[in-house]
Amino acid sequence: MASTTDRINSLRAVRQLRRVRTFYAVGVLVWAASTAWTGWQIPGSRQMWVSALLLAIFTGLLFAASLWLQRLQTVNPAEPAHHAAPRRAARPRHVHA
């Protein structure tokens with residue numbers, strides 16, 4: 001059984017990987033648009049090939065982050081994380097009529 005600190009660290013890793021995956025997805029969109037625009041304006045230029053290279057890099061990073069996230073989520077099934085102490089039983093409220 002995993003210790004609580006391992007579970008908290010893996011939850012942090014999942015949260016971080018989700019943020020990074022979003023960043024890489026935005027990077028893929030930006031570099032895809034840049035590559036398309038540069039390819040339209042100046043096909044075969046150095047700028048187009050640099051954009052294509054950066055698009056390939058961000059695509060690879062997005063793929064790797066998605067793969068790691070998927071592996072982390074299968075290792076730690078969706079178990080409820082108990083971050084706080086359990087609540088005390090609530091006292092019954094008296095309704096005055």
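Me: What does M48 touch, leaving out residues up to four places away in sequence?
Reply: M48 touches T35, T38, G39, I42 and P43. Keep in mind that this is a predicted model.

Me: OK. Where is M48, then?
Reply: M48 is in helix α2.

Me: Is M48 buried or exposed?
Reply: M48 is buried. Its relative accessible area is 13%, and the cut-off for buried is under 20%.

Me: You listed T35 as a contact of M48. Which helix holds T35?
Reply: T35 sits in helix α1, which covers residues 4–41.

Me: And what does T35 touch, again skipping residues up to four places away?
Reply: M48, S51, A52 and L55.

Me: Which backbone oxygen lies 3.2 Å from a polar side-chain atom of T35?
Reply: The backbone oxygen of S51.

Me: Is T35 buried or exposed?
Reply: T35 counts as buried because its relative accessibility is 16%, and buried means under 20%.

Me: Let's zoom out. How many helices and strands does the chain have?
Reply: The protein chain has two helices and zero strands. Helix α2 spans residues 46–75.

Me: What lies between α1 and α2?
Reply: A loop, and S45 is in it.

Me: What does the side chain of S45 reach?
Reply: It reaches the backbone oxygen of I42, at 3.0 Å.

Me: Buried or exposed, that S45?
Reply: S45 is buried, with a relative accessible area of 10%.

Me: New topic. Which residues make up the largest nonpolar core?
Reply: There are seven: V14, L17, Y24, V28, F58, A65 and L69. The elements giving two or more residues to this core are α1 and α2.

Me: Which helix gives the largest share of the core?
Reply: Helix α1 does, with four residues.

Me: What does F58 touch beyond four places in sequence?
Reply: F58 touches F23, Y24, G27, V28 and W31. Two of those, Y24 and V28, are also listed in the core.

Me: How far apart are F58 and V28?
Reply: Their C-alpha atoms are separated by 5.5 Å. Along the chain, F58 and V28 are 30 residues apart.

Me: And which residues does Y24 contact, with neighbours within four places left aside?
Reply: Y24 is in contact with F58, L61, L62 and A65. Both F58 and A65 are core residues.

Me: What about V26? Buried, partly exposed or exposed?
Reply: V26 is partly exposed, at 46% relative accessible area. V26 is found in helix α1.

Me: How far is V26 from F58?
Reply: The C-alpha distance is 9.1 Å. In sequence, V26 and F58 are 32 residues apart.

Me: Why does S10 count as buried?
Reply: S10 counts as buried because its relative accessibility is 11%, and the cut-off is under 20%.

Me: On to the surface. Which residues form a nonpolar patch there?
Reply: L53, I57 and L61 form a nonpolar patch. Together they have about 250 Å² of accessible area. L53 lies in helix α2.

Me: What share of the residues is buried?
Reply: Of the 97 residues, 14% count as buried.

Me: Last one. Among contacts with a separation of 6 or more, what share joins residues 24 or more positions apart?
Reply: Those account for 70% of such contacts in the protein chain.

Methods: Residues are numbered from 1 along each chain as its sequence is written. This is a predicted model: local features need pLDDT of at least 70, side-chain atom pairs count only at pLDDT 80 or more; totals for chains, interfaces and linings use all residues. Side-chain values use heavy atoms; hydrogens and water are left out. Buried means under 20% relative accessible area, exposed over 50%, partly exposed in between (1.4 Å probe, protein chains only). A polar contact is a pair of N or O atoms within 3.5 Å; within protein, one must be able to donate a hydrogen and the other to accept it, and residues adjacent in sequence count only if both atoms are side-chain atoms. Contact means heavy atoms within 4.5 Å. A nonpolar core is a set of buried Ala, Val, Leu, Ile, Met, Phe, Trp, Tyr and Cys residues joined through side-chain atoms within 4.5 Å. Patches are made of residues with over 30% relative accessible area and no salt bridge: like charges are joined within 9 Å, nonpolar side chains (Val, Leu, Ile, Met, Phe, Trp, Tyr) within 5 Å. Accessible areas come from the Shrake-Rupley method with a 1.4 Å probe; for residues, only the protein chains shown count as cover. A salt bridge is a side-chain nitrogen of Lys or Arg within 4 Å of a carboxyl oxygen of Asp or Glu.
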